[in-house]
Amino acid sequence: MPLPPYLTSGASSRAHHALLSSLDAAKSPQEEDAIVLRELERVRGVVAARPAESLLVLLYCAVVAHTPLDLDFALVPALDLAEGGKTLRDRRVGYTFLAEHLPPAHELHLLLVNTVRKDLQSTHTPDVLAALGAIVHLPSADLAPAVRPLLPALAKHKTAAVRHRALLALAALTVRAAPPTSFPVRPARLARWIARESDAAVIGVLLRIAGDVVERGEADGDGVGALVGAALAKPTSRGAWRVLCAAAGHGTLDVDADALPMPTPATLLDAAALAEAYPPYRPSLVPHVLNALTDKPNSHVVALRCLGALPPSCWDAALDDTHMARIMNGVHHVDATVRRATLRLLARIDPALPSLTIDALLNSLQTSTDLSLPLHASALSDAERLRLGRHETACRALEAVVVASEGAATRGADIASGLARIAELLDTTWEAGIATVLELLRNDAALAADFVSAAKSDPTSIAIVTTIACESPTPRDTSTKLLAALPGLPNAVKELALVALVVLSAKEEVRLPSFDGIDKRRRQVEVILEQKLGHTVIETARRRTLRSPASTQQAFA
């Protein structure tokens, strides 16, 4: 669908619209990044003359770029705009850019102090709100001593929006600072403040601050009692539950369970956290949680997470056939969040239940019966439904394997074994499984090493091993594993293995057996590195990414 014309596109400027048009025509993430980098060079030359327009474009570039951008060149223009912009909108743009991109220890924090102080002392409410927003997002050791004396008065401002943001700023500079300091209001006075306040947003901030005060042990017994009493008087606010949970966690919640409020759908998770820390509340809460086991996915997930936070002994006896059926139906739900939450809950009831689910999915995959299908499959032909059903069932089986392995000391081996069982039932190298497992392993080097050690020799597992071998440290026997698997691999995966073996020969400082495939790839890689032809190889490849095993073969062909 083509991009709308500038006047109806919602773009902030014609330069922004031109960038949107270029990005809309891009055919790959790499091309999008190249467009963004060209735009950065253009903006670098005009940011001094058109700061507001340029900063908005840079904010958008930072959102759409696939790699981190160096935007430090725009920090000084943003500071100048925040201080001397002709309109409030321009000054907000400056503040917003600084909030997003000014590093915590940057020297410009010191230059920001006078600008913020001037706006805090303004009689124009929008200026005050802009400065308070800057404090919330940019708290610093330079700013705190200069603005803290001004915040208590603003916290009593006649405008609720100013009171709300002033309290957020005061919290950012005290109880939520690094390191935190004491909130400058005694607990008993804070409780009276909560009781007097009428604005719901301000009450929420005050209660969250009260929760921080209780959690950090800044209130004595009388202070905790006063804050708990104030929280009980405002049960619809999530901040009230924060106070109650903090008091329960410290063992200072001296309230009868019957006096505690009943949760609303919006506070059910908070109530479960309170019940986890305060066991007398559990019998009152369980019926509300079970009532939330409905056909609505969001409500259902909340209920499952609440049950997961409580010991099964306090709710399993309350489950009837309807409740149990709704929980078990979640294993085959179309929503992945519901499925994962269900599997985690079943694992708490009986660690063997997720394994039974995996076995059932693998049996469906083997017999091509009772396959799982996404919602949009109803209009497809039988052949397409079969293909899509096998793909969806395999993905759900891997999802169950990953969830079942959570917390296990042998998690890497469990994932490797489960992946191999699924891949064995598929006809080709399973790209969706490769992508899913790589995303998991790239965030955990120890898990990746365990997976590589336990990986089987099927093409799907070897494709993952080759990628990990090129990207991060691997066990020293990885090259042996790849050499043993090499003869039985399809050509596309064999190419990946050859590249990985070349990399490993340098990493491990071992001499690999010489044969034509490795020698050829080694010579190619050496030429590419010596002559700095990496960019040319990527540009001339038929595909720009390694999303499929075949793309590596294309890049080196």
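The expected span of a helix is 1.5 Å times one less than its number of residues, and helices (H or I, at least four residues) and strands (E, at least two) are DSSP runs, numbered from the N terminus.

View 1. At 1.5 Å a residue, the 13 residues of helix H18 (residues 297–309) should span 18 Å, and its end C-alpha atoms are 18 Å apart, which agrees. The model is predicted, so that local features need pLDDT of at least 70 and side-chain atom pairs count only at pLDDT 80 or more, while totals for chains, interfaces and linings use all residues. Residues are numbered from 1 along each chain as its sequence is written, and side-chain values use heavy atoms, with hydrogens and water left out. The buried residues of H18 (buried: under 20% relative accessible area, with a 1.4 Å probe and protein chains only) are His-300, Val-301, Ala-303, Leu-304, Cys-306 and Leu-307. These buried residues pack against H16, helix H17 (282–291), helix H19 (321–329) and helix H20 (336–349), where contact means heavy atoms within 4.5 Å.

**View 2. Helix H6 and its cover.** For the 14 residues of helix H6 (residues 88–101), 1.5 Å a residue should give a span of 20 Å, and the end C-alpha atoms are 20 Å apart, in agreement. Asp-90, Arg-91, Val-93, Gly-94, Tyr-95, Phe-97 and Leu-98 are the buried residues of H6, and what covers them includes helix H4 (51–64), helix H5 (75–84), helix H7 (108–120) and helix H8 (125–137).

**View 3. The crossing of H22 and H24.** The axes of helix H22 (residues 382–404) and helix H24 (residues 431–441), which are lines fitted to C-alpha atoms over the stretch in contact, come within 10 Å and cross at roughly 20°. The two helices H22 and H24 are therefore roughly parallel to each other, a term for angles under 35 degrees. From H22, His-391, Cys-395, Leu-398 and Val-402 meet Ala-432, Gly-433, Thr-436, Val-437 and Leu-440 in H24. The residues of this contact divide into 6 nonpolar, 3 polar and no charged, with Ala, Val, Leu, Ile, Met, Phe, Trp, Tyr, Cys and Pro counted as nonpolar, Asp, Glu, Lys and Arg as charged, and the others, Gly among them, as polar.

**View 4. Thr-267 in its loop.** Thr-267 lies in the loop between helix H15 (238–249) and helix H16 (268–277), and this residue is buried, with a relative accessible area of 2%. Leaving aside its neighbours within four places in sequence, Thr-267 is in contact with Thr-236, Arg-238 and Trp-241.

Conventions: Axes are lines fitted to C-alpha atoms, for helices over the stretch in contact, and angles run from 0 to 180 degrees between N-to-C directions. Angles under 35 degrees count as roughly parallel, over 145 as roughly antiparallel, 65 to 115 as roughly perpendicular and the rest as oblique. Buried means under 20% relative accessible area, exposed over 50%, partly exposed in between (1.4 Å probe, protein chains only).
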